[in-house]
Amino acid sequence: MRRGSLVQLILFAIVAAGAGLALALAPNWLPEPATREAGRIHFVFWFVTGICIFIFAIVASVTAYSVLKFRRKPDDDSDGPPIHGHTGLEIAWTAVPTVLVTAIAIVSAIVLAKDDAAGANPLRVEVVAQQFAWSFYYPSYGNKYSPVLRLPNKRSVVLRMTAKDVLHSFWVPEFSQKQDLVPGLHPTLHVTPDRIGTYAVVCTELCGLGHALMRSQAVVMAPAAFEKWARAGKRGQAGAGQAGQPKGQEGLTLFNQFGCNSCHTLSAASSSGTIGPDLDKLATFATNAHRPLSAFVHQSIVQPGAYVEKGYPNVMPKDFGRRLSKSQLTFLVQFLVASAKKGTS
Ligand code: CUA
């Protein structure tokens, strides 16, 4: 091959690599990682992208060179000379992809293994998904409940997932990992947050009408601040709706904890969901249903389909009442009746 041709090929390759690199770097493809696992996943992403740019540069330069150099006259329909049995070329195009694919496989395997290694003493968090809300519980802190996922910075965390009704999927873009939640299974996801901040928790599995509203937050905190938060205040799932809270507060906690707030508007809870009826109008709905307010609210929770306000779909989970303990149900009904009365008075 002449020296001029080689220089031309290399020039084309540099231009193609530059274009590939610009396309890879200029748009902000990925959010900045907030966990060590995400950092490793990003490394794999850029490793593979680098290989892609390298291959693209070779293919694009040879293509561009051939198009310019071996261009045929418009009326020339003849075929080029056939190539057969170029052993060196065949070895090259087999060996190079083999090496690259093997390298990607090895890097990916190492990253997968490292990302799964939770260490001896990870913080365990129970992640519970239901239409259409996320709940988080901390077994090592008296099963403390939180509507947002609070995590200490730089600590290994194992998230254990439970779906109460249908398929959901846990995703924090900055964590780079997704985990499907399947009723009856309890998959886990290991994360080690390494950047303090607040990130979105998103459901990425179409799980019903309120799917798009099924969001929460992941808050990565300094370890001392996390410890202080985790040890403070009320305890546990059983605790919510029981002792130690000002009157009405239990009902509000339950309202948020069981995801009522994601579908219903209620000024007492500062919620603005529009999937289900506006609960500030509960008194009117009870009148429409010809039931006393308290009995109406109770029935609407336990048998959501018994009376459905006009203009709203009948999508409230049928087993909703069974998710609440008897006392929780009482607190929730009291809370809703009280806020409905306040609204009309
Ligand atoms: Cu839960 Cu979409």
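In the predicted model, strand E6 (residues 168-171) and strand E9 (residues 197-203) run antiparallel and are joined by two bridges; helices (H or I, at least four residues) and strands (E, at least two) are DSSP runs numbered from the N terminus. Within E6 and E9, Trp171 stands opposite Val202. Residues are numbered from 1 along each chain as its sequence is written. Because the model is predicted, local features need pLDDT of at least 70 and side-chain atom pairs count only at pLDDT 80 or more, while totals for chains, interfaces and linings use all residues, and side-chain values use heavy atoms, with hydrogens and water left out.

E6 and E9 belong to an open sheet of five strands with mixed pairing, in the order E4-E10-E9-E6-E7; two strands pair if DSSP finds at least two bridges between them. Strand E4 (149-152) and strand E7 (178-181) form the edges, each pairing on one side only. Neighbouring strands are turned by 25 degrees against each other on average, direction ignored. Helix H4 (residues 223-231) lies across E4 and strand E10 (215-221), at about 130 degrees to E4. Axes are lines fitted to C-alpha atoms, for helices over the stretch in contact (heavy atoms within 4.5 Å), and angles run from 0 to 180 degrees between N-to-C directions.

The structure holds seven salt bridges, defined as a side-chain nitrogen of Lys or Arg within 4 Å of a carboxyl oxygen of Asp or Glu. One of them joins Glu32 and Arg195 (3.8 Å, N to O). Glu32 lies in the loop between helix H1 (3-25) and H2, and Arg195 in the loop between strand E8 (188-191) and E9, 163 residues apart. Glu32 is exposed at 52% relative accessibility, whereas Arg195 is partly exposed at 26%; buried means under 20% relative accessible area, exposed over 50% and partly exposed in between (1.4 Å probe, protein chains only). Within helix H4, Glu227 and Arg231 are four residues apart, about one turn of the helix, and their side chains meet at 2.9 Å, N to O. Salt bridges that share partners also join Glu37, Arg40 and Asp115 into one network.

Glu37 is found in helix H2 (residues 36-69) and is buried, with 1% relative accessibility. A polar atom of the Glu37 side chain lies 2.6 Å from the backbone nitrogen of Thr192. Beyond residues up to four places away in sequence, Glu37 touches Asp115, Gln177, His190, Val191 and Thr192.

Terms used
A polar contact is a pair of N or O atoms within 3.5 Å; within protein, one must be able to donate a hydrogen and the other to accept it, and residues adjacent in sequence count only if both atoms are side-chain atoms.
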